Amino acid sequence: MRQVLSIVALVAVVAFVGQTVAAEGKGKAICPVAGKAANPKCTVDYKGATVSLCCGKCKAAFSKNPAKFAAKANLQLVATGQAKQVKCPFAGKPVNPAQSVTVAGTEVSFCCGGCKGKASKAEGDDQIKLIFNDKAFEKGFKVTKK
């Protein structure tokens, strides 16, 4: 009985945390240079939107070579709601919501199981680079606001 109550309590906590994270998800930015929480006062203009960084050193590094950090900056644009998915980032075709994966906390949909499978095989930074590189970003996402 004690195990059942513990499991129920754990499920309730996980559900609560999941709802809290989902409600707060938009606007939470991770520095594309250092991978730390971004400072909303430390920003750069990027692709008609705003990328937040954690500090002045990261801002300088990003400004010097934005291409080096493009995939993570593109992910930040989507994660913060400044860019929306409009097509499959691999094929440029309409997406099927049933063919989705979560990439660094952000849901991305694909046109078919083949594209989803390609995305699912990669992990971590490799997955981010695969799905959010500039070519894939141009095919699948559109910046919606600055």
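Which residues have the most contacts inside the largest nonpolar core? They are Phe 110, Ile 131 and Phe 132, in a core of 32 residues. The structure is a predicted model, and the protein in it contains six helices and six strands.

**Overall make-up**

- From the N terminus on, the order of the elements is α-β-β-α-α-β-β-β-α-α-α-β.
- The protein has 146 residues, and 35% of them are buried.
- The accessible surface amounts to about 8800 Å², and carbon and sulfur atoms account for 58% of that surface.
- When contacts between residues at least 6 apart in sequence are considered, 53% join residues at least 24 apart.

**The largest nonpolar core**

- The largest nonpolar core comprises 32 residues.
- Among the elements that give two or more residues to this core are four strands by name: strand 1 (39-46), strand 2 (49-53), strand 4 (96-103) and strand 5 (106-110).
- Helix 2 (56-64), helix 3, helix 4 (113-121) and helix 5 also give two or more residues each.
- Helix 3 gives the most to this core, namely six residues.
- Ile 131, one of the residues with the most contacts inside the core, touches Pro 89, Phe 90, Val 103, Val 108, Phe 110, Ala 119, Ala 136, Phe 137 and Phe 141, leaving aside its neighbours within four places in sequence.

**Helix 3 and helix 5**

- The axes of helix 3 (residues 70-79) and helix 5 (residues 124-132) come within 8 Å and cross at roughly 75 degrees.
- Angles of 65 to 115 degrees count as roughly perpendicular, and helix 3 and helix 5 are therefore roughly perpendicular to each other.
- On the side of helix 3, the residues in this contact are Ala 70, Ala 71, Lys 72, Asn 74, Leu 75 and Val 78.
- On the side of helix 5, they are Asp 125, Ile 128, Lys 129 and Phe 132.
- By class, the contact of helix 3 with helix 5 has six nonpolar, one polar and three charged residues.
- Phe 132 of helix 5 takes part in this contact and is also one of the residues with the most contacts inside the largest nonpolar core.

**Gln 76, a buried residue of helix 3**

- Gln 76 is located in helix 3.
- The relative accessible area of Gln 76 is 4%; because buried means under 20%, Gln 76 is buried.
- Leaving aside its neighbours within four places in sequence, Gln 76 is in contact with Ala 29, Ile 30, Cys 31, Pro 32, Thr 50, Val 51 and Ser 52.

Technical notes:
Residues are numbered from 1 along each chain as its sequence is written. This is a predicted model: local features need pLDDT of at least 70, side-chain atom pairs count only at pLDDT 80 or more; totals for chains, interfaces and linings use all residues. Side-chain values use heavy atoms; hydrogens and water are left out. Axes are lines fitted to C-alpha atoms, for helices over the stretch in contact, and angles run from 0 to 180 degrees between N-to-C directions. Angles under 35 degrees count as roughly parallel, over 145 as roughly antiparallel, 65 to 115 as roughly perpendicular and the rest as oblique. Contact means heavy atoms within 4.5 Å. Ala, Val, Leu, Ile, Met, Phe, Trp, Tyr, Cys and Pro count as nonpolar, Asp, Glu, Lys and Arg as charged, and the others, Gly among them, as polar. Buried means under 20% relative accessible area, exposed over 50%, partly exposed in between (1.4 Å probe, protein chains only). Accessible areas come from the Shrake-Rupley method with a 1.4 Å probe; for residues, only the protein chains shown count as cover. A nonpolar core is a set of buried Ala, Val, Leu, Ile, Met, Phe, Trp, Tyr and Cys residues joined through side-chain atoms within 4.5 Å.
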